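Please read this briefing with the structure open beside it. The points are grouped by topic.

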Amino acid sequence: MKHTLSVLVENKPGVLARVAGLFRRRGFNIHSLAVAPTENPNLSRMTIVVDLEGKPLEQVEKQLHKLVNVLKIQDFLPHEAVERELALIKVHSTKETRAEIIQICDIFRAKIVDVSQDSLAIEVTGTEDKIDAIVSLLKPYRIIDLARTGKVAVSRGRK
Amino acid sequence: MKLTGAEAVVKSLELLGVTDIFGIPGGATLPLTDALSRTEKIKYYLMRHEQCAAHAADAYARATGKVGVCTATSGPGATNLVTGIANAYMDSIPIVAITGQVATSVIGTDAFQEADITGITLPIVKHSYLITDANEIPYLFAEAFHIASTGRPGPVVIDLPRDVQNQVINFKFPEKVNLPGYKPTIRGHTRQIKLALEELMKSEKPVMFIGGGVVLSNAHQEVKKLAENFRIPVAWTLMGKGAFPDNHELNMGMIGMHGTRTTNTAIMNCDLLFAVGVRFDDRATGNLKRFAPHAKIVHIDIDPAEIGKNVKVDVPIVGDAAIVLRELNTMIENNNLKKTNHLAWVEQVFEWKKKWPLKTPDSTDLTPQFLISKISKAANDKDLIITTGVGQHQMWSAQFIELNGPRRFITSGGLGTMGFGLPAAIGAQVGKPNALVIDIDGDGSFQMVLQDLGTIARYNLPVKVVIINNRYLGMVRQWQELFFGKRYYAVDLEKGSPDFVKLSEAYGIKASVVSSVSELDEKIDEMINHRGPYVLDARVKEEENVFPMVPAGASLDEIIGGD
């Protein structure tokens, strides 16, 4: 089972290594990880999707709390948070296929951000499922490169 | 006040109350070493190996309750500290390790004697710093000592590049530290404490189970008060030895792999396990699935991550053991509570104690168990501190040395570091100059650190070293005997071991051999009464085993021996 943790940390050198090392040492698998500073430049937010494989989340949360640079941990249930991921997909295209690909992009509200004789670069945002879906539709055209950010999340409503 | 970075370190250490530091200097700590030479307030103990510097600082902290400080140069000096830092981490001991680092301009270039020590130690520190601006020194040192010594204590590493040590700053020491991400819970939740008290009152077969956390939080008085007030039998882990008096009628002895039959049987039969400052380590619990099968568990610990980690807990209480128990004891006093519904259980425990005392083997040879119990008797009225290496001698010391106060049994519990005993004796003796410090060591453990006899000689520390010399890596041999068809391999130390008396004398340390029961008393007396350091090479019976024993992974009622 996958869980999304939103972890507020001090924006200091080495904090990412501490967090990632802790997950490794305690035997938890990080599925995806996104980090960037928040509106306060002294703080960063890490969105960590962790593969639990039957292990209790409580232990990893408690261990995370013990890190001096970790300020706050939120464990998001699926409906409590807005979750998005961004992908950049570079796909092979020809004169014949270009229009079809653009059509697929329209359906997914994806943007064409670069175009050349034989390729298109596509930017798409959405849930993990949505990105998986567009990737699978683009696969037959031959994907040249794919970069995904991993999930980022904020809580819904007042919380 | 204008100071260099190195001087700022020394000034900060002085203000933090540091009086002793264990280390070895090197290229990357030359400015720091020079600054240390100019203070009267801090004494630098020059060690012979950095691992020993870390262990000495660790034992100093255990003996005194203060933060232990060690230092090493960059690269190999720093990496030699690693085992000592891991040891302190596993046993939650407050030390600060100050390492030199190459200059900031060359960090990351594989410069001479460069090692990424903050990276290497990441999984074995409570926290660490690489200081790149000397202006941060006063604040970060205050922060480091605060983190090391509060909450669940642990080691902190401070890496100091050489140029930072030379940078001139305006020294200003902080009045207090403010760490938004570090706020240990000290006071227990009153409602939880009430629940724990209810369970205590209800219980007909209670056991109090104490560990290193009782020592670290100085909760031994509160433990004794509660045990005596309610008459609750007490079991302890290796790290808790001495926190409850060994000679107390309610003391059942050690738990776990080499624990007493009484304690292990009581754990398997109790209906309430009142655990304080323990972490349910596998050596203590045996098979977790069958651990304390009839018991509700109350668990008091300052580290929330320990609660529920290995066993399911019925009443968790996060807080400092001494403060939580004081609140509980006050509740008992204020309500004038008495407990009598469990007295049949106490009688049962007393019967077990009578039936299964720890006995020394019936032998005319000099056995290690007999030797250690003799040392205990001879030193009983002294201000005694025992340090140990790791292995059979360590378990026999836990079994046969009687200690009646905390901070007197200094041993490597979690990491099980062979070679801990000798440097630990150095650290304990520096911290407690008037104590009788005896390192009960193994011939294997001792040979991992014997170069630090040089430190003992240099400072004429009156440390006594008893080498339980059975010419084997005894604990490994015992397991080979019991579980590997007696196929002894790579455990024989007879060949290649030195004459320990000549070796000690080469360092100018008095030494002698004892190999028979008849000369034992005389040799022990001579050692204890000798004013300086002394090494006793005790040539004991070779193939003695530590019993009782619960094999690894077995349940606590599957005990071999001791009946």
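The buried residues of helix H4(A) are covered by parts of chain A that include strand E5 (81–92), helix H3 (98–107), strand E7 (119–126) and strand E8 (143–148). Here contact, or cover, means heavy atoms within 4.5 Å, and buried means under 20% relative accessible area, exposed over 50%, and partly exposed in between (1.4 Å probe, protein chains only). Helices (H or I, at least four residues) and strands (E, at least two) are DSSP runs, numbered from the N terminus.

This is a predicted model, in which local features need pLDDT of at least 70 and side-chain atom pairs count only at pLDDT 80 or more, while totals for chains, interfaces and linings use all residues. Residues are numbered from 1 along each chain as its sequence is written, chains are lettered from A and ligands numbered from 1 in the order in which they are written, and side-chain values use heavy atoms, with hydrogens and water left out.

**Helix H4 of chain A**

- Helix H4 of chain A takes in residues 128–138, and its buried residues are A:Ile131, A:Ile134, A:Val135 and A:Leu138.
- These residues lie on the same side of H4(A), because they cover an arc of only 105° around the axis. The arc is that of the directions from the helix axis to the C-beta atoms.

**Chain A as a whole**

- Chain A contains 4 helices and 9 strands. Read from the N terminus, the order of its elements is β-α-β-β-α-β-β-α-β-β-α-β-β.
- The C-alpha trace of chain A spans about 55 × 35 × 35 Å along its principal axes.
- Of the 159 residues in chain A, 41% are buried.
- Among the contacts in chain A with a separation of 6 or more, 73% are between residues 24 or more positions apart.
- Chain A has an accessible surface of about 9100 Å², and carbon and sulfur atoms hold 53% of that surface. Accessible areas come from the Shrake-Rupley method with a 1.4 Å probe; for residues, only the protein chains shown count as cover.
- In chain A, the mean position of the 25 positive charges is 6 Å from that of the 20 negative charges. Lys and Arg count as positive and Asp and Glu as negative, with His and the chain ends not counted. Each charge is placed at NZ of Lys, CZ of Arg, CG of Asp or CD of Glu.

**Salt bridges**

- Side chains of opposite charge can pair when their charged atoms come close. A salt bridge is a side-chain nitrogen of Lys or Arg within 4 Å of a carboxyl oxygen of Asp or Glu. By this rule there are 40 salt bridges over all chains.
- B:Glu7 and B:Arg38 form a salt bridge through their side chains, at 3.1 Å from N to O. This pair links distant parts of the chain, 31 residues apart: B:Glu7 is in helix H1 (residues 5–15) of chain B, and B:Arg38 is in the loop between helix H2 (30–37) and strand E3 (43–46) of chain B. B:Glu7 counts as partly exposed, at 24% relative accessibility.
- Another salt bridge joins B:Arg62 and B:Asp91, whose closest N and O atoms are 3.1 Å apart. This pair also links distant parts of the chain, 29 residues apart: B:Arg62 is in helix H3 (residues 50–64) of chain B, and B:Asp91 is in the loop between helix H5 (82–90) and strand E5 (95–101) of chain B. Both B:Arg62 and B:Asp91 are buried.
- In the salt bridge of B:Glu543 with B:Arg477, the closest N and O atoms are 4.0 Å apart. B:Glu543 lies in the segment after strand E20 (534–539) of chain B and B:Arg477 in helix H21 (residues 474–483) of chain B, so the pair ties together parts that are 66 residues apart in sequence. B:Glu543 is partly exposed at 33% relative accessibility, whereas B:Arg477 is buried at 0%.
- A:Lys66, B:Arg152, B:Asp303, B:Glu306 and B:Lys309 are joined into one network by salt bridges that share partners.

**Backbone points in chain B**

- Most residues other than glycine have a negative phi, and most peptide bonds are trans.
- B:Phe280 is not a glycine, yet it has a positive phi of about 50°. B:Phe280 lies in the loop between strand E12 (272–276) and helix H13 (282–285) of chain B, and it is buried at 3% relative accessibility.
- Phi of B:Lys486 is also positive, near 60°. B:Lys486 is in the loop between H21 and helix H22 (500–506) of chain B.
- The peptide bond from B:Phe547 to B:Pro548 is cis, with omega near 0°. B:Pro548 lies in the segment after E20 of chain B.
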